Amino acid sequence: MIRLLVALLLLLPLPALAQQTSFSPEQKKELENLVRDILVKNPQILVEAMQALERQQEERAAAGAKLAIKENAKEIFDDGVSYVAGNPKGDVTLVEFFDYRCGYCKQVQGPLLALLKEDSKLRVVLKELPVLGPDSMFAARAAIASQEQKGKYLDFHNAMMAHRGQLPESEVFRLAGSVGLDIERLKKDMAAPKVSQVIERNLALAQKIGVDGTPGFVIGEQLIPGAIPLETMRQVVKQQRGG
């Protein structure tokens, strides 16, 4: 309690109190009464203090993410496993961490496809991050395994993203069949150890760089959480190009 009160007082022009590090019981009581009186008369001080604390926390998180992205750049942008959409040799890479059962991921799918369509120099890396239960994990395994059947992944990915409602195993296989995937081969490929390895690496990588939910985007050294509108996507890509 006293530490919080002192912290609040340090926001005020009271240098003498700010320099004092220990208080007698009487001084503590007087200090509590003083702070209580100040806050009652100026409640906006507490709001401003909380806002300042939130800004500091956001700045620290952004700085931590930036460092982590630099340290794990190869695995984020060019791991040799994650599917690459758009221009493989594009001048800007946008990485998306997503879950096939995530409503916000489905919400941002339209803007992302629109951006890919209008920007011929954009490279998009898709990373499965199944965090919403067993059905998410199953869908992620199916998507990763579908890369073994050349030219089918993106159609399958888009079909699962476009799907509304639950996504049980039967629906995953129905969608796989609708885009021309060989279901028996898909089932076999899903059991391969490397599928589990990809998911484990994605989950570990997300934790390292601070992706704590889906969708999460990485561009340059910037981590952008949540569903972002098309115009924001355009802006961050433009900024990455130095525009």
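**A colleague's note on this predicted model**

1. To get your bearings: the protein has 12 helices and 5 strands. Helices here are DSSP runs of H or I with at least four residues, strands are runs of E with at least two, and both are numbered from the N terminus. Keep in mind that this is a predicted model, in which local features need pLDDT of at least 70 and side-chain atom pairs count only at pLDDT 80 or more, while totals for chains, interfaces and linings use all residues. Residues are numbered from 1 along each chain as its sequence is written, and side-chain values use heavy atoms, leaving out hydrogens and water.

2. Some overall figures. Of the 243 residues, 40% count as buried; that label means under 20% relative accessible area, with exposed over 50% and partly exposed in between, using a 1.4 Å probe and protein chains only. The accessible surface comes to about 13,600 Å², and 54% of it belongs to carbon and sulfur atoms. That area comes from the Shrake-Rupley method with a 1.4 Å probe. Look at contacts (heavy atoms within 4.5 Å) with a separation of 6 or more, and 75% of them are between residues 24 or more positions apart.

3. Now for the helix pairs. Two packed helices are described by the angle between their axes and the distance between the axes. Axes are lines fitted to C-alpha atoms, for helices over the stretch in contact, and angles run from 0 to 180 degrees between N-to-C directions. Helix α9 (residues 169-178) packs against helix α10 (residues 183-190) at about 125°, with the axes 10 Å apart. That makes α9 oblique to α10, given that under 35 degrees is roughly parallel, over 145 roughly antiparallel, 65 to 115 roughly perpendicular and the rest oblique.

4. Which residues in α9 and α10 meet? From α9 there are F173, A176 and G177, and from α10 there are I183, L186, K187 and M190. The residues of this contact divide into 5 nonpolar, 1 polar and 1 charged.

5. Helix α10 has another partner to look at: helix α7 (residues 134-146), packed at about 105° with the axes 9 Å apart. That makes α7 roughly perpendicular to α10. Here F138, R141, A142, A145 and S146 of α7 meet L186, D189 and M190 of α10. This contact divides into 5 nonpolar, 1 polar and 2 charged residues.

6. Next, the loop between α11 (193-209) and β4 (216-219), where V211 sits. V211 is buried, at 10% relative accessible area. Not counting residues up to four places away in sequence, V211 touches F97, L129, A206, G216 and L223. Its C-alpha lies 8.7 Å from that of I224, 13 residues apart along the chain. P215 is in the loop between α11 and β4 too, and the peptide bond from T214 to P215 is cis, with omega near -5°.

7. Leaving aside neighbours within four places in sequence, Q109 is in contact with H157, N158 and M161.

8. Last stop: S82, in the loop between α5 (73-77) and β1 (83-86). S82 counts as buried at 11% relative accessibility. Setting aside neighbours within four places in sequence, S82 is in contact with V125, L126, K127 and Q147. From S82 to V95, 13 residues apart in sequence, the C-alpha to C-alpha separation is 9.8 Å.

Key:
Nonpolar A, V, L, I, M, F, W, Y, C, P; charged D, E, K, R; others polar.
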